[in-house]
Amino acid sequence: YELLQEEQEDEKMTFVEDTTLEASVDEATYAARPFVDGSFFFVNGTKTPHAEVTDVTSPIRGPDGKRAVIGTEAHLTAEEARSAVEAAADAYGRGRGIWPTMALGDRVKAVETYLEELTKVRSTIITTLQWEICKNLADATKEFDRTMDFVRDVVKVLRTKGSQAFEEWTTISGVAAKVRRGPVGVCLMVAPFNYPLNEMYAMMLPSLMMGNTIVLKLPSIGGLAHVLTADALAAAFPPGVVNFVSGSGRETLPAIMGTGKVDMLGFIGGKKGCDALIHDHPEPHRLKVFSQLEGNNMAVVLPSADLDNAVKQVISGTTSYNGQRCTAIKLVYVHADVADAFVAKYAQALGNLQVGLPFGTAAITPLPDERKPTYLAALVDDAVTKGATIVAGGTKHHTLVTPTALYPVSPDARAFNEEQFGPVIPIAKFANLDEVLDVAAQSWNGQQIAVFASGNDADAATLVDQTQAIFGRINVNTAPSRGPDAFPFSARRSSAMGTMSVTHAIEAFSIEVVLAFKASAENQAIGGFLDSNTNFLADV
């Protein structure tokens, strides 16, 4: 996600500094912190030492109150970035390279080898996620394990007969055909900071199994988890199949796209960044794009809702990983009849959340981006100026911000309309369902909505009918989410291009290739021969 690189907020700070909040570690914990050496350029399966590096710091403070240095990453030039895409293009060989012409079953085995190698550094990756992006132990562990499960599920689909249309010879109107999926080409993958492993691998590993080659841009925050995978990648894949680019995205990404050698963009982040990269390609008409972008998901609480359940789900939806998820609830819209009662229960539940460092069970942890509290404070200031009150939270220490709820938030407030991507929760109230429907219709968001109701509530039915052409997922009495991964994760508008799931990931990073002939005994004979003598038609 875009980390406020374009502009800084200069409004006065709203948050009260609370030095009792735990944002620093003691000497023993500080001494045991990880250090990931990323002072190398990973291209063509080789780690080449790189002199120009950037220190990677943790939002966790040492005993001196300063951000802890936990690693380094190579700071690549535009020319070095171009050499990474050249390596990927050479490995693809315009479709004739070793990797794209390899049998699908052999590519799947290579990915399985990679997973085996990756499990050797599982604990190190989990610890690094805790220190670099402040995921608590449960969330960091879940990110690694869910990622492995997702990839294994993709493998199961590929090995399941009948999972794809026209897998066997089918004759229609005198033409016999069989369909397989083939690669797109060279893929540029841009990873997010909030789920650097899970979100990226949900794109990258299905893409690899389909025969594509990869240029992976490491995020400026959250990149160390990828640095730790370089040896496993080198052990599992031919040279040039996966290549790293680290350093400034503003310097490296336009250089990569400008070569015209990128066939597909896999992008998870902000819509402005995605648009810019597409425009940087000299032939954007042939660039295939898969993107998961921004979300401004709304929870709508109707008068019939079970408020205790609504509060429980909205707490989860607004505060899981500090609200730093595209699927998080970014706006809570409550009917006026129950708004005050909901806010009282919600504020109490919010105040009960554990706030602190990510080594235990804290639900709220320090924000990775040093500048984020300033932005969040500007949203709070603006909302308060327009009539809202801080009903919970409102304090911080360094980048550890207590979850801050605002009520009632005006529709013209920034917090009502912007994706805050952090622990500031705007709560607004409505008197008429048309107000909610108008907000949904006018929003740039097309990802999800959560509806809280019970019984035979006609307004719930209206919300479903009136928003099914706006959002990709309608949740009922449940917080928004991406999972389970077998379900399609789709969106409209400025929230996505493409659908993610175990099966859709295969389709997103490949194209259908049809082998066909006029149905005849002679052609059937050659078809049978090709079945047994080509990598492309070989069973997985």
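Contact is defined here as heavy atoms within 4.5 Å. In the predicted model, glutamine 313 is found in helix 12, which spans residues 307-319. Leaving aside neighbours within four places in sequence, glutamine 313 is in contact with Ile329, Phe452, Asn477, Thr478 and Ala479. Its relative accessibility is 18%, and glutamine 313 therefore counts as buried, the cut-off for that class being under 20%.

Helix 12 also contributes aspartate 308, which is paired with lysine 345 of helix 13 (residues 339-351) across 37 residues of the chain. The side chains of lysine 345 and aspartate 308 meet in a salt bridge with an N to O distance of 3.0 Å. Aspartate 308 is exposed, at 51% relative accessibility, whereas lysine 345 is partly exposed, at 36%.

The structure holds 25 salt bridges. Among them is the pair of lysine 47 and aspartate 231, whose closest N and O atoms are 3.0 Å apart. This pair joins distant parts of the chain, 184 residues apart: lysine 47 belongs to strand 4 (residues 46-49) and aspartate 231 to helix 9 (residues 230-236). Lysine 47 is partly exposed, with 37% relative accessibility. A further salt bridge connects arginine 371 with aspartate 369 (3.3 Å, N to O); arginine 371 is partly exposed at 29%, while aspartate 369 is buried at 7%.

Glu22, Asp26, Glu27 and Asp64 form a negative surface patch. Within this group, aspartate 26 lies in the loop between strand 1 (16-17) and helix 1 (27-31) and is partly exposed, with a relative accessible area of 46%.

How values were computed
Residues numbered from 1 in each chain as written. Predicted model: local features only at pLDDT ≥ 70, side-chain atom pairs only at ≥ 80, totals over all residues. Heavy atoms only, no water. Patch = residues over 30% accessible without salt bridge, like charges linked within 9 Å, V, L, I, M, F, W, Y side chains within 5 Å. Areas by Shrake-Rupley, 256 points an atom, 1.4 Å probe, with all protein chains shown as cover. Salt bridge = Lys/Arg side-chain N within 4 Å of Asp/Glu carboxyl O. Lys, Arg positive; Asp, Glu negative; His and termini not counted. Charge placed at Lys NZ, Arg CZ, Asp CG, Glu CD. Helix = DSSP H or I, 4+ residues; strand = E, 2+ residues; numbered from the N terminus. Buried < 20%, exposed > 50% of the residue type's maximum accessible area, 1.4 Å probe, protein only.
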